[in-house]
Amino acid sequence: MKLLVIYGTTEGQARKIARYMEDVLQDAGHKVAIADATEEPPSPEDYDGILIGGSIHMHQYQSAVAHYITRHVAALNKIPGAFFSVCLAVASDMDEEHREAQKITNDFLERTGWKPLMTTQIAGALKYTQYDFFKRLIMKMISKKEGRTTDTSKDYEFTDWDQVKQFASEFVNKGSQAS
Ligand SMILES: Cc1cc2nc3c(=O)[nH]c(=O)nc-3n(C[C@H](O)[C@H](O)[C@H](O)COP(=O)(O)O)c2cc1C
């Protein structure tokens, strides 16, 4: 299949995840293009399937991801699609946090009108060393509330790479049946 991966990112984790998906899909023999949603990404029209993702910051995805989807929604709904959401809520022990993340995804997709075949929540990263003072403070407070580490001298990655691989593989199986 000829596939397109589009991502939105603020601190780079969704890009890392998108690139990992690109590798998984290429290893499975597919032709893959990848683009940042902010950098004039190609239109979905020339592709057999698309994976789009973004990360949650203050309950929202990057606006470039929303713009891409709303601009191309008619074409997107004609090909198999998957949406991946990167956040920290899914790494929490609290079910309420998981439900909240899924609600953000559901509401976002409903607003755009895109109906992907699959969606997933992928745990992101806490990049304390890359945040500015205020971001570090906010993330430390949230982490404390949720029982996560508050040692800001290091970064922490929660991404389950096997889950990412499985999601990408499952998408091409479903996508090839649907197209
Ligand atoms: C300022 C800020 C706000 C965030 N808000 C949320 C949030 O509302 N919900 C959530 O689950 N994760 C939140 N996160 C965690 C990010 O989704 C997580 O760090 C993710 O890995 C970021 O991906 P990126 O590097 O692609 O931007 C926030 C992170 C930052 C720095």
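Predicted model: local features only at pLDDT ≥ 70, side-chain atom pairs only at ≥ 80, totals over all residues.

Colleague: What pattern of helices and strands does the protein chain follow along the sequence?

Modeller: The protein chain holds six helices and seven strands. Read along the sequence, their pattern is β-α-β-β-α-α-β-α-β-β-α-β-α.

Colleague: Why is the protein chain described as being as compact as a globular protein of that length?

Modeller: For 179 residues the globule rule gives 16 Å. The protein chain is as compact as a globular protein of that length because its radius of gyration is close to that value, at 16 Å.

Colleague: What percentage of the 179 residues is buried?

Modeller: Buried here means under 20% relative accessible area. By that cut-off, the buried share of the 179 residues in the protein chain is 49%.

Colleague: How far apart are the mean positions of the positive and negative charges?

Modeller: The protein chain has 21 positive and 25 negative charges. The distance between their mean positions is 2 Å.

Colleague: Which residue with a positive phi follows H1?

Modeller: Helix H1 covers residues 13-27, and its reach of 21 Å from first to last C-alpha is close to the 21 Å expected. Its buried residues include Ile-17, Met-21 and Leu-25. After H1 comes a residue with phi near 95°, and that residue is Gly-29.

Notes
Residues numbered from 1 in each chain as written. Heavy atoms only, no water. Helix = DSSP H or I, 4+ residues; strand = E, 2+ residues; numbered from the N terminus. Expected span 1.5 Å × (residues − 1). Buried < 20%, exposed > 50% of the residue type's maximum accessible area, 1.4 Å probe, protein only. Rg over C-alpha atoms; globule rule 2.2 N^0.38 Å. Lys, Arg positive; Asp, Glu negative; His and termini not counted. Charge placed at Lys NZ, Arg CZ, Asp CG, Glu CD.
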